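Notebook open, structure loaded. I'm jotting down what I looked up, one entry at a time.

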Amino acid sequence: MVTAAEAIKVMKEGGKPVIGCLPLYPPLELIHSMGLAPVVLWGLRDSVSHTGDADAHIQKYVCSIARHLAQFVMAEGGDSLDGILSYNACDTLRNLPEILREGLAAKGALTPTPMFRLHVPMTSAAVNGGFLRGELLDLIAALEERYGVRFSEESFAASVALYRRARGLSLRLEEAARAGSLSIGAFCGTLARAGFLTVEDQVELFEAELASLRPAAASGPSCAVILSGVMAPLPQVCRLLDGAGLRLVANDIASLRRSYAQEPFAFHDVADYYARFYRDHFPCTTLLHSADRRLDAVSRLARDNGARGLIFIGEKFCEYEYFELPHLVARLQDEGIPSLALEFSLDDDSNLETYRTRIEAFAEMLRSSGEKTSESAGGGKSGA
Ligand code: SF4
């Protein structure tokens, strides 16, 4: 396994300045079109050995994503980054750039890492208005000045086409998982690896993966599940899900489907592209203007793909996801889709086997209710 730090070093060898971005939906196409290499700083759990440096700056009741990210930037990979771009999302991330700056300074970084900010409006009306255009123009000017690069709408359109290709291939991998040709572990592993590659290498990886797929294994519909949450399950958890015979037919994971499911197809210019991008984004708890659409969207995703159960991959201390969870569970319960909520924190890394029984019991429950349904549909064999 290549760590994020190693992958970013390889990216840097390509000669382009590497811009670490947070959180999940930054303007990647824009950065790429200006001859820079954007990388989303997410899923860094396996790339840091501890969180000691981060813990000196961030309280322990903050999600592990932010603590791993801070540790990575401050101590275990940040020196490979030529800049950091952040946009506003949850309360945890709101002041993280300042914390990172102070943390880097405290560690004795010789030259401060350039920090860029984009303020994404959180109401539909504001996304459509001129504010976002102003933010984007400011960002473009700052990047041009710092790296001596130039923005052009032609290069931007070419980058949009490249990212569209990568997102389309991600959706095809998702279809392969749905058809049973890719295990949950293989699907999540490929997408996790892609996260620390250039978009060109992502396309190559996805195409190679799709070309090597075997015909779908025969598998019944009763263990078809939808996953939800901010982060994809860890490899060890994927093994438990696969081992229980579960099949991923849909996902509402922020680092997966919420990141690649929707993008504008027609646009006038860069500002119009991102107005549509954020306004019509697959609903996410961190994009506040989209949150009201989430229950309908997740319910439709589950129903349309034949999910029999929902498994929530909870990130401890993530208020955004946990405030919504009871409503999501109730909505799907009303539609006959039971839920299993799992919670992961930084301290659970060495204790993941404890989830085995809960996952296996949930799979067993789905299987037996699937059998009852098919028995009653067929006239009922036992009358039980
Ligand atoms: S997991 Fe939740 S709290 Fe943590 S960074 Fe993401 S949205 Fe914020």
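Ground rules first: I call two residues in contact if their C-beta atoms, placed from the backbone, lie within 7 Å. Helices are DSSP runs of H or I with at least four residues, strands are E runs of at least two, and both are numbered from the N terminus. I'm working on a predicted model, where local features need pLDDT of at least 70, side-chain atom pairs count only at pLDDT 80 or more, and totals for chains, interfaces and linings use all residues. Residue numbers run from 1 along each chain as its sequence is written.

**Helix α14.** I looked up what is buried here (20 or more other C-beta atoms within 10 Å of a residue's own; 12 or fewer is exposed, in between is partly exposed). In α14, residues 270-279, I get Val270, Tyr273, Tyr274, Ala275, Phe277 and Tyr278. Their cover includes α2 (28-33), α7 (124-128), α8 (130-147) and α9 (153-178).

**Ala166.** This one sits in helix α9. Setting aside neighbours within four places in sequence, Ala166 contacts Val199, Gln202, Val203 and Phe206. I also checked Tyr260: it is 94 residues from Ala166 along the chain, yet their C-alpha atoms are 8.5 Å apart.

**Core.** A nonpolar core here means buried Ala, Val, Leu, Ile, Met, Phe, Trp, Tyr and Cys residues joined through C-beta atoms within 7 Å. The largest has 110 residues, and Ala66, Leu69, Ala70, Val225, Ala307 and Leu310 have the most contacts inside it. Helix α4 (residues 64-76) gives the most to this core, seven residues. I followed up Leu69, which touches Leu22, Leu41 and Leu44, not counting residues up to four places away in sequence.

**Ligand.** I find 13 residues around the ligand, the closest being Cys63, Cys90, Thr92, Glu315 and Cys318. The cut-off is a C-beta atom, placed from the backbone, within 6 Å of the molecule. α4 and α5 (91-94) each supply at least two residues of this shell.

**α10 against α12.** Ile184, Gly185, Cys188 and Gly189 of α10 meet Pro235, Cys238, Arg239, Leu241 and Asp242 of α12.
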